[in-house]
Amino acid sequence: MSEPLLQVSNLCWAVANKNILNDITFNVKQGEFIGIIGPNGSGKTSLLRTLYRYTKPSSGCITLAEKDIWQLNAAKAAKAIAVVPQAPSSLPYSVFDVVKMGLTPHKGLFEPETADDLELVSQALTQVDLVHLATSCFDDLSGGEQQRTLIARAIVQRGQLLIMDEPTNHLDIHYQIDLLNRVKNLGETVIASLHDLNIASAFCDRLILLNKGHIIAQGTPDEVLLPALISQVYNVKVTTTTHPDHQHPHLLFHYWEQQ
Amino acid sequence: MKSQLFIIPGLMLTLLVSALIALSHGAISISLNDVFSALLSPFFEQQLNPIYQQIVLELRLPRIILAFLAGAGLAVSGAILQLVTRNPLADPYLFGISAGASFGAVMMLTILNHISMILLPAAAFVGGLLSVFMVVSIAGRSAYNQVERMLLAGVATSFMFSAASSAMLYNSDPQAAASILFWTLGSFAQAQWDTLLAPAIIICSSIVVFFAFSRHVVAISSGDESATTLGVNVSRVRLSMLIISSLICSVIVASAGGIAFVGLLIPHAIRLIFGQHQLNNYFLVALTGGLFMIYIDLLARTLIENQEIPLGIITSAIGSVFFLFILKQRTQRNH
């Protein structure tokens, strides 16, 4: 078995003496789809930010393909790690121009775009079915189309690892399923933070459950989505059944005190 | 998309025509025929009144070129600063540059009691850079909240230099105060061929640097976090862009005084006319700014007979009305 693609060991991050992330350790293998789950404020976004080098951890080590990502320069790191951020509030550029931003780490200061680069952008747009909206303004798109645009940008960025911060936020259920199917079909190594535990169960190979900055559990959906664990971490009443399609847990939440 | 191909050639043609109009109008009107003869006189023998030749070649042409350079430089640095701070109000003067430059000029006029055509611009240039140095050192290298720190440091620096300038002016003779007032309102009247070199070199090379960093600037305009994930060193690029913009503005303030509102106005006009995505087409921004300034200067020279109106008065008057107009349109669209 080869070395894992991403190794996170003993990662801690503190702001103003408050520990946001505590002793986070996990590995990600090539081609895996990892879901980061946990209640609000559990540290999902903070963890992802340390992985894509937006915030520097207080201690601990993150290596990608055996290289410490904090030793790389910004452009090298961006060539290795592509990110689909939470959709920005406003981005007054055309879809084509937003997708083209994915070329940024690959280009030198005076280097013009080549025909190959533009071909890459067109292919990415085809992959997310947005060719017909290429000249539309990003701000005018629906939430699902904006997310697909940012995924196309990440495709153009060509990282070894794709990080997505709550990609299904604000999308209705059809677009949530559509989006994650598209991502899954890319065959990339993916780390995504997810709110919906049933979606996480259906799409992820492994889950990492965070609470108050600690990893509470990690493993396959069957190992992590245990009723006792989920009800304790999320403070809800929950039972599970096996989903008929994918044979992984399906969570049923109880909304009222049972009689 | 296709119509955009014609924008730049169209603007260049307009620029050429505008330059000819500006050359022929002024305190004395010179016919286009004579303007052409004057322009060709260094190369071919021409039959022309030598005074006309003098006016066109030695007075109006350098003046028009300086106006173009100043407009282009202010517009481009305004556009860059609006993009990297994601603040539609960002303008080089917001970062204390004109206050610093005025401070340098006032120092020269009151303390040394010296009005020199070489020393005054130099003092203004140094004053402008001093204020930027202060803003940059306060803003620091961390990207977190950097924009807020830059803006607040700029405002504070402006007030500090203004206070120092006012104190010095208050204690000086009225004549110095009057010449400082005229200088701070801006004028291209001092333009000469040999004073064009420094602004031309600084502005043109800065635009080349802006083009080199164009992808980075666009990435930053989409958000600090997003730009970081695209491999952009956000805080370093933003500070570099501020320093280069300040260099442009210091050299313009030094050679033509403080010309308000242009750095703010032109980027907004570009947004309105051509769309936000053209804001990082620095060639287009520079051409538009330069064109605008040529006409402002023409107005300054011709609006009142035998008298020049300071540029700052015209740009501020047009700028403020334009902004109220935009604001009104926006509020109407949102309700």
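Predicted model: local features only at pLDDT ≥ 70, side-chain atom pairs only at ≥ 80, totals over all residues.
Chain A contains an open sheet of four strands, arranged in the order E2-E1-E4-E5 with antiparallel pairing. Strand E2 (18–28) and strand E5 (67–68) of chain A stand at the edges; each has a single partner strand, so one side of each is left without a neighbour in the sheet. The partner of E5(A) is strand E4 (residues 59–64), and these two strands pair in the antiparallel sense over two bridges. Within this part of the sheet, A:Leu64 is found opposite A:Lys67 of E5(A). Helix H1 (residues 44–51) of chain A packs on the sheet, where it touches strand E1 (6–15), E2 and E4. The direction of this helix makes about 65° with that of E2(A).

In chain B, attention turns to an enclosed helix. Eight of the eight residues of helix H9 (residues 214–221) of chain B are buried, and the helix is therefore largely enclosed by the rest of the structure. Among these buried residues are B:Arg215, B:His216 and B:Ile220. Their cover includes helix H3 (50–85), helix H8 (197–212), helix H10 (224–229), helix H11 (234–256) and helix H13 (282–302) of chain B. Just after H9(B), B:Gly223 adopts a positive phi of about 125°.

Notes
Residues numbered from 1 in each chain as written. Chains lettered and ligands numbered in written order. Heavy atoms only, no water. Buried < 20%, exposed > 50% of the residue type's maximum accessible area, 1.4 Å probe, protein only. Contact = heavy atoms within 4.5 Å. Pairing = 2+ DSSP bridges. Axes fitted to C-alpha atoms, helices over the stretch in contact; angles between N-to-C directions.
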